[in-house]
Amino acid sequence: MSANFPAWLDRLAAVSLAVAALCAVAIVIDEVLHPQKMWVMNLVWPLTALFGSFLWLAAYWVWGRAPPRRGATARRPTRAVAVFKASSHCGAGCTVGDLAAEWLAFGVPGTAVLFGWHSLFIDKTFAVWVLDFLLAFILGIGFQYFTIKPMRNLSVGEGLVAALKADAVSITSWQVGMYGLMAMVQYGWYRREFGGIASVASPEFWWAMQLAMLAGFAASYPVNWLLIHHGWKEEM
């Protein structure tokens with residue numbers, strides 16, 4: 001059953017999404033003028049701004065934007081900043097995977113059937129989450145591969161192994177945190193208060209996804225700290 005959302009929530013969700021989109025566009029424009037040293041980070045920063053909004057725009061401006069002045073010595077980031085960047089890097093792949101999975105299942109409902117709708121799950125949402133996880137995992141590992149392979153000068157096979165070692169647990173923790181908050185919003189709030197869950201085609205769905213992604217970031221942060229501490233993941 002579709003939810004009957006109040007006008008104030010429609011406006012709140014729409015404004016939140018619009019602000020995040022503008023933050024992402026601002027980062028892209030600045031990156032054209034100040035490209036990242038590591039090309040994949042040109043994707044990471046605007047993608048994470050889609051959920052992190054002005055908080056990630058501020059983080060980009062302070063920690064990610066311009067290289068040091070010519071002749072200056074590059075400052076090593078603090079561990080907290082390095083973990084922030086590593087978690088954001090993980091989240092970029094998850095963002096693309098979740099966007100692709102949700103819209104694919106919405107546009108082609110039969111896709112959800114392939115991942116367990118009607119057979120394993122009564123609710124389509126949970127089948128789509130399986131697809132979400134698979135795409136987020138594949139893309140997240142891909143993002144990590146194109147980071148860790150050149151940094152360590154690895155072969156293709158070594159790069160894939162290193163990427164899996166660096167991000168498999170991190171991506172999983174992110175998705176678990178994301179699913180947890182998404183479930184609380186959709187089933188604990190929307191369905192109880194407004195009579196149903198939000199459709200993918202509604203601003204309320206993507207606003208909930210913004211919040212869920214922040215929960216994913218929080219869940220993955222301590223995992224990434226441990227991965228960097230033990231040398232399984234590179235500082236950025």
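Predicted model: local features only at pLDDT ≥ 70, side-chain atom pairs only at ≥ 80, totals over all residues.
Biologist: To how many aromatic pairs does the count come?

Modeller: The ring rule gives 27 aromatic pairs. In one of them, the rings of Trp103 and Trp206 have centres 5.8 Å apart and planes at 20°, so this pair is stacked.

Biologist: Where do Trp103 and Trp206 lie in the chain?

Modeller: Trp103 belongs to helix 3 (residues 79–107) and Trp206 to helix 7; the pair thus links distant parts of the chain, 103 residues apart. Helices here are DSSP runs (H or I, at least four residues), numbered from the N terminus.

Biologist: Is Trp206 buried or exposed?

Modeller: Trp206 counts as buried, at 13% relative accessibility. Trp103 is partly exposed, with a relative accessible area of 40%. The cut-offs are under 20% relative accessible area for buried and over 50% for exposed, with partly exposed in between (1.4 Å probe, protein chains only).

Biologist: And what about the rings of Tyr145 and Phe146?

Modeller: Their centres are 5.1 Å apart and their planes stand at 80°, so the pair of Tyr145 and Phe146 is edge-to-face. Tyr145 is buried at 11% relative accessibility, whereas Phe146 is partly exposed at 42%.

Biologist: Turning to charges, how many salt bridges are there?

Modeller: A salt bridge is a side-chain nitrogen of Lys or Arg within 4 Å of a carboxyl oxygen of Asp or Glu. The count by that rule is 2 salt bridges. Asp30 pairs with Arg65, the closest N and O atoms being 2.9 Å apart.

Biologist: Which parts of the chain does that pair link?

Modeller: Asp30 is in helix 1 (residues 7–33), and Arg65 is in the loop between helix 2 (41–64) and helix 3, 35 residues apart. Asp30 is buried, with a relative accessible area of 8%; Arg65 counts as partly exposed at 23%.

Biologist: Arg65 lies over the face of which residue?

Modeller: Arg65 lies over the face of Trp61, 4.4 Å from the ring centre. The criterion is NZ of Lys or CZ of Arg within 6 Å of the ring centre and within 35 degrees of the ring normal.

Biologist: Which side chains meet in a salt bridge at 2.4 Å, N to O?

Modeller: Those are the side chains of Asp167 and Lys233. Asp167 lies in helix 6 and Lys233 in the segment after helix 7, so the pair ties together parts 66 residues apart in sequence. Both Asp167 and Lys233 are buried.

Biologist: At what angle do the axes of helix 6 and helix 7 cross?

Modeller: The axes of helix 6 (residues 156–194) and helix 7 (residues 203–229) cross at roughly 145° and come within 7 Å. Axes are lines fitted to C-alpha atoms, for helices over the stretch in contact, and angles run from 0 to 180 degrees between N-to-C directions. The crossing is right-handed, meaning that the near helix is turned clockwise from the far one by less than a right angle.

Biologist: How do the residues of that contact divide?

Modeller: The contact of helix 6 with helix 7 has 21 nonpolar, 7 polar and 3 charged residues. Ala, Val, Leu, Ile, Met, Phe, Trp, Tyr, Cys and Pro count as nonpolar, Asp, Glu, Lys and Arg as charged, and the others, Gly among them, as polar.

Biologist: A last topic, the backbone: what is the phi of Ser53?

Modeller: Ser53 has a positive phi of about 55°, although it is not a glycine. Most residues other than glycine have a negative phi. Ser53 lies in helix 2 and is buried at 9% relative accessibility. His118 also has a positive phi, of about 80°; His118 lies in the loop between helix 4 (110–114) and helix 5 (124–152) and is exposed at 60% relative accessibility.

How values were computed
Residues numbered from 1 in each chain as written. Heavy atoms only, no water. Helix = DSSP H or I, 4+ residues; strand = E, 2+ residues; numbered from the N terminus. Phe/Tyr/Trp six-rings, centres within 6.5 Å; stacked < 30°, edge-to-face > 60°.
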